[in-house]
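Thanks for coming. I will go through one model this morning, and I will take it piece by piece. Please look at the screen.

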Amino acid sequence: MVVRVRELGSNHFCVDQTDPRAVRIAKSLPWYGPKYSPHDVPSFYDVSGITENPEAFREVIEVFVERYRAQGADGPTHVAGFDARGFLFGPSIAMALNIPFVMIRKAGKLPGVLVSSGKYVTEYSTDETVMRLGSVREGDRVVLIDDLIATGGTAIAGFNLVDQLGAKVHEFAAMVSLPFLDGVKKIHEYADGKFADVPCFTVVDDSTIGADMGRDPPEGTPRIVPASDAARVLA
Ligand code: HSX
């Protein structure tokens, strides 16, 4: 069954938020507030809600695979995933499409000769990512995949890397979008609209996930518990 897609804004395509698959995926994504998160953001989405739920995980992969498979010969030639959570989705999508998966790595991790995105700012950090020279080349059509788009900083770094390597971004894709941070708009407005023609595709919005998916434990629960206490806190 092909997922229903609608155009949210110019070149921003999103799964219809009433589609049963979008709802199942959204309702498998817990979030934590700042006290129980690694970063000071209002809602930190826990992707393990997907990876530890085989049905939801499969559905996420299927949504992307169906979209790119339907494009036939005009579809992507490569999938490039962002370190680290893009690595959870990209390999399965690439394998199903029988095309290469390419890593967009944080600086300091990859061997070989590299291109760098330079420093960029995300929702909660400053990062730098790299790709290996020759991992994509002129004529290649690359899907950039991540778990989530917030401010668009990470995505733009990926666009710049693929551009430096002479290839084209076919589409930017993410499972979750936080539309209030205008990430997709920022991609399309970046560098006088250099990437304005590249579609972005997202599966669920934060509003579909909703307040009911908040999973903060009772007040006073420590963030790290001693191993000897784990069973008691879990009960
Ligand atoms: C998170 O921040 C996600 O996994 C993405 O890689 C990134 C998205 O934030 P932003 O760059 O769009 O602000 O770590």
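I begin with D182, which sits in the loop between β10 and α6. For the labels, helices (H or I, at least four residues) and strands (E, at least two) are DSSP runs, numbered from the N terminus. Residue numbers start from 1 along each chain as its sequence is written. What you see is a predicted model, where local features need pLDDT of at least 70, side-chain atom pairs count only at pLDDT 80 or more, and totals for chains, interfaces and linings use all residues.

Back to D182. Its phi is near 60°, a positive value in a residue other than glycine. Most residues other than glycine have a negative phi, and most peptide bonds are trans. D182 has 16 C-beta neighbours inside 10 Å and therefore counts as partly exposed. On that scale a residue is buried if 20 or more other C-beta atoms lie within 10 Å of its own, exposed if 12 or fewer, and partly exposed in between, with C-beta atoms placed from the backbone.

Next, helix α6, residues 183–193. Which of its residues are buried? They are G183, V184, I187 and H188. These cover an arc of only 150° around the axis, so they lie on the same side of α6; the arc is that of the directions from the helix axis to the C-beta atoms. They pack against β1, β2, β9, α5 (153–164), β10 and β11. Contact here means that the C-beta atoms of two residues, placed from the backbone, lie within 7 Å. D192 is also found in helix α6. D192 is not a glycine, yet its phi is positive, about 55°. D192 is exposed, because 6 other C-beta atoms lie within 10 Å.

Now the sheet. Nine strands make an open sheet with mixed pairing, in the order β1-β2-β11-β10-β9-β5-β6-β8-β7. Two strands pair if DSSP finds at least two bridges between them. β1 (5–9) and β7 (114–121) stand at the edges with a single partner strand each, so one side of each has no neighbour in the sheet. From one strand to the next, the twist averages 25°. Axes are lines fitted to C-alpha atoms, for helices over the stretch in contact, and angles run from 0 to 180 degrees between N-to-C directions. Strands β1 and β2 (residues 12–15) run antiparallel and are joined by four bridges. In one of these strands, β2, V15 is the bridge partner of V5. Helix α3 (residues 54–69) packs on the sheet, where it touches β2, β9 (141–149), β10 (168–177) and β11 (200–205). The direction of α3 makes about 150° with that of β11.

On to the ligand. Which of the 15 residues around the ligand come nearest? They are T122, E123, A150, T151 and T154. A residue is near a molecule if its C-beta atom, placed from the backbone, lies within 6 Å of it. β9 and α5 are the elements that give two or more residues to this shell. The largest share, four residues, comes from β9.

Two loops remain. The peptide bond from D83 to A84 is cis, with omega near 5°. A84 is in the loop between β5 (78–82) and α4 (86–97). S135 is in the loop between β8 (126–132) and β9. Is S135 buried or exposed? S135 counts as buried, because it has 23 C-beta neighbours inside 10 Å.
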